[in-house]
Amino acid sequence: MSTGVTSGSDLRSDAEFVAPRADELAALLVGRARPPRPGALSASLTFGRRAMLKIKHVPEQLFDVTAFPIMMVLMYTYLFGGALAGSASAYIQFLLPGILVMSVVMITMYTGISVNTDIEKGVFDRFRTLPIWRPAPMVGYLLGDVVRYLIASAVMLTVGVAIGYRPGGGIAGVLLGVALLLVFSFSFSWIWTMFGLLLRSEKSVMGVSMMVIFPLTFLSNVFVDPRTMPGWLQAFVNNSPVTHLATAVRELMAGGWPAADIAWSLGWSAAFVAVFGAVTMRLYNRK
């Protein structure tokens, strides 16, 4: 019969109370089924959300998709419009779809810079230990950048309409043109993820990216009709992926349906993913 009084020898220490409870908890966790492994889409969207949170905490990252596109539209329209088309209002009808393509393609290089920065910080070492779809971190980067491309497209189209651009294809044509541009840019960004893994610093990634992007975008039909160029240069320009894309976007926004250029743009997109996506994942697994 209990007397309500406990002696020191009858008292157990805190550790004696904690140990059985810890053992019970461990047994409970071991006995339970593991949570299901996240699917490819779920994991990719999670990493895409991470990319968006980085922009939220460092909003200055949006400078290249807001101020830069506005500067590009205004500068090229009013500098070259009178000389090339007789007036800025006439030139903007030809220029805007092309400069839209050029600007979005140029900002794809920041994907590689972001990848390289995370590698330098050691973040990717943690990613590789997670039980997720292996390409999810890379796809997440690209999905996050698609939002940046959308913002840049919206800013440039708004500025273009404000200074006189009138798309003959209406809203439907504009949406189709932007959709094709986003598909191409998503695929083209795999080139920079490869360089982000391959090169040792973000300055190196930026330097190589500029060496590739500048000739590719300027040697195209973004600013002028290739028929005014020398024959040897036309051979390159007419077969450039940026030329096919700019022509397709320009015609879609004008209300046409350039089937050949759309097919070329989608073909280039598939090739970029097949080649550079495979190389990127091989480097990612061996980095």
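The model is predicted, with local features requiring pLDDT of at least 70 and side-chain atom pairs counted only at pLDDT 80 or more, while totals for chains, interfaces and linings use all residues. Residues are numbered from 1 along each chain as its sequence is written, and side-chain values use heavy atoms, leaving out hydrogens and water.

The structure contains 12 aromatic pairs (rings of Phe, Tyr and Trp, the last by its six-membered ring, with centres within 6.5 Å; stacked if the planes are under 30 degrees apart, edge-to-face if over 60, tilted otherwise). One of them joins Phe184 and Phe188 in a stacked arrangement, at 5.7 Å centre to centre and 15 degrees between the planes. Both residues belong to helix H8 (residues 170-198), where they are four residues apart, about one turn of the helix; helices are DSSP runs of H or I with at least four residues, numbered from the N terminus.

Phe184 also pairs with Phe272, here edge-to-face, at 5.8 Å centre to centre and 80 degrees between the planes. Because Phe184 lies in helix H8 and Phe272 in helix H12 (residues 259-286), this pair ties together parts that are 88 residues apart in sequence. Phe184 is buried, its relative accessible area being 0%, and Phe272 is buried at 7% (buried denotes under 20% relative accessible area, with a 1.4 Å probe and protein chains only). Phe188 is likewise buried. Ring pairs link Phe184, Phe188 and Phe272 into a cluster with Trp192, Phe195, Trp268 and Phe276.

Technical notes
Helices (H or I, at least four residues) and strands (E, at least two) are DSSP runs, numbered from the N terminus. Buried means under 20% relative accessible area, exposed over 50%, partly exposed in between (1.4 Å probe, protein chains only).
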